[in-house]
Amino acid sequence: MRYSKLFGKTLRQAPAEAESISHQLLLRSGMIAQVAAGVYSYLPLGWRALKKIEQIIREEMNNAGGQELMLPVLQPFELWQQSGRNISFGQSLFTLTDRKQHELVLGPTHEEIIADLARRHVQSYRDLPLLLYQIQTKFRDEPRPRGGLLRVREFIMKDLYSFDVNDDGLDESYKNMSQAYKKIYARLDLPALMVEADSGAIGGKDSHEFMVIAESGDDEIIYCPECGYAANAEKAQGVKTRANSEALLSVEEMATPGAETIEEVASFVGVPLNRTLKAVFYSVDGELVFIVIRGDLVVNETKLRNLLKCSGLRLASEDEVSGTGVIAGFASPMGIKGVRVIADNSITLGSNFIAGANKQGYHFKNANYPRDFQVDLIADIALARGGDACPRCGSELTSAGGIEVGHIFKLGTFISEKMEAFFLNQNGMSQPIVMGSYGIGLGRLLAAMIEQSHDDKGIIWSLPVAPYQVYLCPILLNDPAVAAEAEKVYQSLEEKGMEVLFDDRNESPGVKFNDADLLGIPLRLTLSPRTLKNQRIEAKWRTEEEVHLLPLDGLATGVSELLREKLARQSVV
Ligand SMILES: [Zn+2]
């Protein structure tokens, strides 16, 4: 490709709204362009990188036994009503109405469509197991699109669905897919951690995410450096430490004027947060629920939602709380009536807590469960955090930011039952197909690779994903000998099948080198009057300072040798 003809210009500075590194670099390098919030065009360089990621994913899905097909973007809304997931997806679904007033969904995922296909085409156990996948554009109306390609509303995704006769079969498919995912990340040279995750709106039982550790990540990972336990923070189980072990004292009322937040109360009394009980109110499918949790901990809404098996969960408004006669700021589980009380098990990990007195300006000292108050339900509903003990080995857990670059789910039969996707088993009995679902967002992967691999000059592509492998950079092109030789080199490398970006612009060496670094093309070949005089060309890797001088004679062979060595070194890692 001749740079002079390339569509998409590099920018010296990223637009102010680009907050993450990958967003800045993708815009500056002219790889993507924004159309609307969370909606992007891929320009030729970005598209080439994306197509390479796509091909690696496709090869690994095929190697794992997957069969590629293509399902429609437009999905009948009735199918979503059948699975019931129109509720769990809620406002994230993009819906539209056609001219005959039929409601349609722009597919955010394809379990309904594929289950509908399976119920028509899978008859007996002989048709199973099956792995079907596609690579296609999906739509989700994200409340807060951000970070360029990290969180978008329209995105290309590989989604594979597994179909098995029973749970053992599903376990096998799940293992097979997690292996395939690990191979994909290894080929992309992207270190991704497999972590336990919540199934969220997709539903089902077990689920894992593949996470790349990054500051800019939206997710938090909790992991154990000792035993390898790793989970998304919303799923993670941390073993909480005990606050104290004093003998129980009798309850005393105490004036705490002006101290309303738990921090104010703790500092007023002069105790650490873990010696207090905090009250939090949620509206759970319209019902007001009182949560009591130790003051140093935070409610994990995912755990709470799973515990209560509800669909609507949000913090209650002040009006909703005061409507029950509770005094905000001084709310107490002691003596509360007519409201369901859910407690985190941290209330048992300590004694003589400070709790609200449900009276303006007062708290109780020495509140103890179950001596002084009852609860309707007690469970672990706190966010785990770094410093908690590992649930497996007891070592200290660590936390880090993460970008989710893959998510796999054991769906089981909840969709196939609702969608009536059944098969006849060996005894001729009808049974629901056991399903799994396995997704990777391609654009997110591209952005995560840049978040992981860049420097202050620009992107650093790994060889298998780079839009071009070689940046041919002749300097002083107004020298006719350099211009002629550069053309010759370009032709010979192209003939050898190498992917070359030929910087044929009449720009200064500084501009060309800056663009080469910004675009992150792995190997730069620099031809100058000086190197030409010695019948040589300078070869330099994007990641290295060292320069190799290659003879112009037999150059194509020399360059392809360098590329091959580089790839071999990567696959060893
Ligand atoms: Zn551990």
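Predicted model: local features only at pLDDT ≥ 70, side-chain atom pairs only at ≥ 80, totals over all residues.
Residues are numbered from 1 along each chain as its sequence is written, and side-chain values use heavy atoms, with hydrogens and water left out.

User: Which residues coordinate the zinc ion?

Analyst: Donors are N, O and S atoms within 2.8 Å of the metal (3.2 Å for Na, K and Ca); water is not among the atoms, so sites may look incomplete. Here the SG atoms lie at 2.3 Å from the zinc ion. They belong to Cys-224, Cys-227, Cys-390 and Cys-393.

User: What geometry does the site of the zinc ion have?

Analyst: Four donors count as tetrahedral if all angles lie between 85 and 135 degrees. The ideal angle for four tetrahedral donors is 109.5 degrees. The angles among the 4 donor atoms here are 103 to 116°, and the site is tetrahedral.

User: How many residues apart in sequence are the parts that Cys-227 and Cys-390 tie together?

Analyst: The donor residues follow the spacing C-x2-C-x162-C-x2-C. Cys-227 lies in the loop between β11 (219-223) and β12 (230-232), and Cys-390 in the loop between β20 (377-379) and β21 (398-412); strands (E, at least two residues) are DSSP runs, numbered from the N terminus. The pair therefore ties together parts whose separation in sequence is 163 residues.

User: Is Cys-390 buried or exposed?

Analyst: Buried means under 20% relative accessible area, exposed over 50%, and partly exposed in between (1.4 Å probe, protein chains only). Cys-227, at 35%, counts as partly exposed. Cys-390 has a relative accessible area of 3%, so this residue is buried.

User: Which strands stand at the edges of the open sheet of 5 strands?

Analyst: Two strands pair if DSSP finds at least two bridges between them. The order is β28-β27-β29-β30-β31, with mixed pairing. Two of these strands each have a single partner strand, so one side of each is left without a neighbour in the sheet. They are β28 (500-502) and β31.

Conventions
Tetrahedral: all angles 85-135°; square planar, octahedral: opposite > 155°, others 65-115°. Helix = DSSP H or I, 4+ residues; strand = E, 2+ residues; numbered from the N terminus.
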